[in-house]
Amino acid sequence: MSPQVTSPEQKLQALGIKLSDVRPAAGNYISHRIVGNLIFTSGQGVDNYHGKLGKDLTLEDGYQASRQSVINLVSVLKAELGELDKVKKIVKILGFVNSTEDFTGQPKVMNGASDLLVEVFGERGKHARSAVGMAQLPNNTAVEIEMIVEIEE
C-alpha cells in the first residue's frame with residue numbers, strides 16, 4: 001500500500017511537478033505583497049508558450065500555459081511561506097489570455113490553472129476566477145495569471 005498523499009508538496013511530487021526559483025521582476029515591483037492574512041501576487045507569465053491563442057497556439061497549448069503560470073505562482077507561495085500547508089484557501093485568480101479578436105476560449109484556457117490548484121490544494125484550491133482576452137501580453141507570452149491567497153495567521 002502506498003503512503004497517503006496529503007500535503008500540497010506531496011501532491012506536486014506525485015504529479016511530477018517541480019517548483020522553480022521565483023522569477024525575477026522585470027521592473028520596479030515585487031513578486032507578491034502580504035496584507036493581513038492575504039497574499040496578492042504579481043502576474044506570472046510563462047517562458048515556453050508565446051503567441052496568440054486562436055492563431056499561433058491551440059486551446060491545449062493555452063491550457064498547459066495556464067498550468068505553468070500557476071506553477072510559477074505556487075513557487076512564489078512556497079518561497080514566501082516555506083510550507084504550502086500554510087495556504088488556507090486560494091481566494092481568486094485573474095487570468096489574462098493573449099488571444100485573437102475572435103477567440104472565445106479564455107475560460108477553457110484558464111481551466112488548466114484552476115484544475116491544477118484543485119489537484120494540489122483540494123477544496124482549499126477552489127476559487128473565484130476571471131478569464132479575459134488581451135490584445136497583447138509582455139514578451140508575447142500566451143498567459144499571465146495573478147492570484148489572491150488567504151494564509152494561516
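Visitor: What is the chain made of over residues 9-145, and how far apart are the end C-alpha atoms?
Guide: This is a predicted model, and in it that stretch is 33% helix and 22% strand. The end C-alpha atoms sit 21 Å apart.

Visitor: Which annotation covers residues 9-145?
Guide: An unreviewed UniProt entry marks them as "domain: Endoribonuclease L-PSP/chorismate mutase-like". That label comes from the record, and such annotations may be inferred rather than shown by experiment.

Visitor: How many helices and strands are there in the protein, and in what order do they run?
Guide: You'll find 3 helices and 5 strands. Starting at the N terminus, the order is α-β-β-α-β-α-β-β.

Visitor: What makes β3 and β5 a pair?
Guide: Two strands pair if there are at least two bridges between them. Strand β3 (residues 87-98) and strand β5 (residues 143-151) are joined by 9 bridges, so they pass that cut-off. They run antiparallel. For one of the contacts to look up, Ile 93 has Met 147 in β5 as its bridge partner.

Visitor: And what makes β3 and β4 a pair?
Guide: The rule again asks for at least two bridges. Between β3 and strand β4 (residues 128-134) there are 7 bridges, so they count as paired, here in the parallel sense. Val 97, for instance, has Gly 133 in β4 as its bridge partner. To get from β3 to β4, the chain goes through helix α3 (residues 106-121).

Visitor: Why is that β-α-β crossover called right-handed?
Guide: Picture the strands pointing away from you: a crossover is right-handed if the path from the first strand over the helix to the second runs clockwise. The crossover from β3 through α3 to β4 is right-handed, so its path runs clockwise in that view.

Visitor: Why does Ser 114 count as buried?
Guide: Buried means under 20% relative accessible area. Ser 114 has 11% relative accessibility, so it counts as buried. This serine lies in helix α3. Setting aside neighbours within four places in sequence, Ser 114 is in contact with Ile 93, His 127 and Arg 129.

Visitor: How much of the protein is buried?
Guide: Buried residues make up 44% of the 153 residues. As for the surface, the protein exposes about 8,200 Å², with carbon and sulfur atoms supplying 50% of that.

Visitor: How do you know that the radius of gyration agrees with a compact globule?
Guide: For 153 residues, a compact globule would come out near 15 Å; the protein has 15 Å, so the two agree. Along its principal axes, the C-alpha trace spans about 45 × 45 × 25 Å.

Technical notes: Residues are numbered from 1 along each chain as its sequence is written. This is a predicted model: local features need pLDDT of at least 70, side-chain atom pairs count only at pLDDT 80 or more; totals for chains, interfaces and linings use all residues. Side-chain values use heavy atoms; hydrogens and water are left out. Helices (H or I, at least four residues) and strands (E, at least two) are DSSP runs, numbered from the N terminus. The radius of gyration is taken over C-alpha atoms; the globule rule is 2.2 Å times the number of residues to the power 0.38. Buried means under 20% relative accessible area, exposed over 50%, partly exposed in between (1.4 Å probe, protein chains only). Accessible areas come from the Shrake-Rupley method with a 1.4 Å probe; for residues, only the protein chains shown count as cover. Contact means heavy atoms within 4.5 Å.
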